[in-house]
Amino acid sequence: MSTTADAIRSADAHSAHTYHPLPVVIATADGAWMTDVEGRRYLDMLAGYSALNFGHGNRRLIDAARAQLERVTLTSRAFHHDRFADFCAELAALCGKEMVLPMNTGAEAVETAVKTARKWGYEVKGVPDGHAKIVVAADNFHGRTTTIVSFSTDHEARDHFGPYTPGFEIVPYGDLTALASAVTENTVAVLLEPIQGEAGVLVPPAGYLRGVRELTRERNVLFIADEIQSGLGRTGKTFACEHEGVVPDVYLLGKALGGGVVPVSAVVADRDVLGIFRPGEHGSTFGGNPLACAVALEVIAMLRTGEYQQRATELGEHLHRELNLMVGGGAVTAVRGRGLWAGVDIDPSRGTGREISEKLMELGVLVKDTHGSTIRIAPPLVISKEDLDWGLDQLRSVLGA
Ligand SMILES: *Cc1c(COP(=O)(O)O)cnc(C)c1O
């Protein structure tokens with residue numbers, strides 16, 4: 001019996017079946033490559049849904065984590081610690097904002113933003129208590145908590161988890177007219193992904209984010225950009241909103257902020273928004289812990305050089321050029337995305353996204369399908385051009401393109 005089969009059987013027996021992983025059991029990883037328990041190597045073209053933008057085992061991040069492990073890892077926010085102020089100041093500066101509220105997971109950052117927007121609505125905008133509305137987009141993915149799935153349009157994510165949290169209006173993504181008519185005097189925020197990742201790397205029509213920015217400013221509504229997956233270098237910019245020259249009121253960050261080492265998320269905004277919180281009104285035992293701050297500080301320092309954004313831009317142009325050559329060849333029906341991030345729609349007659357992913361795995365490339373027939377490509381930004389080309393060769397060979 002193989003080690004792989006044993007590990008999978010045991011995981012199936014003792015873990016809740018909330019995922020359907022590819023039948024590969026990873027033991028180690030380095031850069032853009034992972035090695036399984038039987039010594040086979042795989043190119044990682046998913047990068048932990050962009051949590052691994054800087055690659056596996058990134059030296060700077062591992063060193064930062066190791067140094068902090070030897071000093072202090074957790075204090076709770078009951079006390080100050082010596083990495084906290086730097087983390088908040090550096091992250092605020094990276095975002096061009098004044099304040100940071102650190103949490104751990106992406107979903108917690110989204111939940112925190114919902115609370116922030118509601119409280120801001122009641123205390124600053126003057127919305128009658130209990131009546132705040134937040135406008136969100138259809139096909140969104142913002143996480144898995146009960147409130148967040150309350151405004152999901154994905155049946156798998158939502159069904160049988162009610163009763164649902166009220167206070168959300170859902171409009172089609174990319175439709176400014178629908179957004180404008182959904183905003184009322186009780187609207188406190190518009191919450192959007194600047195590119196919808198889980199939906200299949202959907203880039204909104206040109207001018208959409210700018211239109212959202214103008215509308216929210218005119219109507220005194222917060223624009224909350226969920227940059228948890230699109231942010232921190234993936235699209236070739238620090239924030240995907242930058243592609244339209246747009247600065248939202250609130251950034252939500254997660255995934256790559258923890259460098260693939262620890263979960264770190266944050267809500268980042270100016271004082272007129274995050275200043276509404278008083279002691280006791282929100283918190284997290286692990287939020288802003290010393291280990292998280294030390295790793296995130298290194299992530300921020302790496303982003304400040306612009307080198308990763310540059311790589312994502314250059315390799316992304318190459319990726320999209322190569323993928324676009326496959327469109328119309330029979331197997332690939334559409335390609336979307338920005339930077340080193342692509343959603344590739346496969347003609348369903350060539351197999352499901354899952355089947356394509358399994359065949360790619362056999363050739364040593366790990367990707368993840370989404371929504372039936374879409375393959376998502378998002379390798380670590382540290383991938384070499386040669387490895388990227390090799391991965392694309394495997395895709396061509398699986399698709400017979
Ligand atoms: C992954 C993701 C989240 C949720 O993050 P978790 O850390 O899994 O809770 C929220 N928003 C977007 C856009 C994401 O991609």
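Me: Helices here are DSSP runs of H or I with at least four residues, and strands are runs of E with at least two, both numbered from the N terminus; which residue follows α5?
Reply: Helix α5 is followed by Gly126, which has a positive phi near 90°. This is a predicted model, in which local features need pLDDT of at least 70 and side-chain atom pairs count only at pLDDT 80 or more, while totals for chains, interfaces and linings use all residues. Residues are numbered from 1 along each chain as its sequence is written, and side-chain values use heavy atoms, with hydrogens and water left out.

Me: How many residues has α5, and what span does it reach?
Reply: Helix α5 covers residues 106–125, which is 20 residues, and reaches 26 Å from its first C-alpha to its last, close to the 28 Å expected at 1.5 Å a residue (that figure being 1.5 Å times one less than the number of residues).

Me: On to the ligand, then: which residues surround it?
Reply: The ligand is surrounded by Thr105, Gly106, Ala107, Phe141, His142, Gly143, Glu193, Asp226, Ile228, Gln229 and Lys255, where a residue is near if one of its heavy atoms lies within 4 Å. This shell divides into 3 nonpolar, 5 polar and 3 charged residues.

Me: Which side chains have an N or O atom at 2.6 Å or 2.7 Å from a ligand atom?
Reply: The side chain of Asp226 places an N or O atom 2.7 Å from a nitrogen atom of the ligand, and that of Gln229 has one 2.7 Å from a ligand oxygen. For Lys255, an N or O atom of the side chain is 2.6 Å from an oxygen atom of the ligand. On its own the ligand has 370 Å² of accessible area, and the protein covers 81% of that (by the Shrake-Rupley method with a 1.4 Å probe).

Me: How many aromatic pairs are there in the whole structure?
Reply: A search finds 5 of them, a pair being rings of Phe, Tyr or Trp (its six-membered ring) with centres within 6.5 Å, called stacked if the planes are under 30 degrees apart, edge-to-face if over 60 and tilted for the rest. One of them joins Phe151 and Phe168, whose ring centres are 4.3 Å apart with planes at 35°, so this pair is tilted.

Me: Where do Phe151 and Phe168 lie?
Reply: Phe151 is in the loop between α6 (146–150) and α7 (155–158), whereas Phe168 is in strand β6 (residues 168–171), so the pair ties together parts 17 residues apart in sequence. Phe151 is buried at a relative accessible area of 0%, and Phe168, at 14%, also counts as buried (buried is under 20%, exposed over 50% and partly exposed in between, with a 1.4 Å probe and protein chains only).

Me: And Phe239 with Tyr251, what is the geometry of that pair?
Reply: Phe239 and Tyr251 are stacked, at 4.2 Å centre to centre with 25° between the planes. Phe239 comes from the loop between β8 (222–226) and β9 (250–253) and Tyr251 from strand β9, so the pair ties together parts 12 residues apart in sequence.

Me: Switching to the backbone, which peptide bond is cis?
Reply: The bond from Gly162 to Pro163 is cis, with omega near 5°, and Pro163 lies in the loop between α7 and β6.

Me: Is His160 buried or exposed, and is Leu232 buried or exposed?
Reply: His160 is exposed, with a relative accessible area of 82%, whereas Leu232 is buried at 2%. Leu232 sits in the loop between β8 and β9 and has a positive phi near 65°.

Definitions and conventions
A polar contact is a pair of N or O atoms within 3.5 Å; within protein, one must be able to donate a hydrogen and the other to accept it, and residues adjacent in sequence count only if both atoms are side-chain atoms. Ala, Val, Leu, Ile, Met, Phe, Trp, Tyr, Cys and Pro count as nonpolar, Asp, Glu, Lys and Arg as charged, and the others, Gly among them, as polar.
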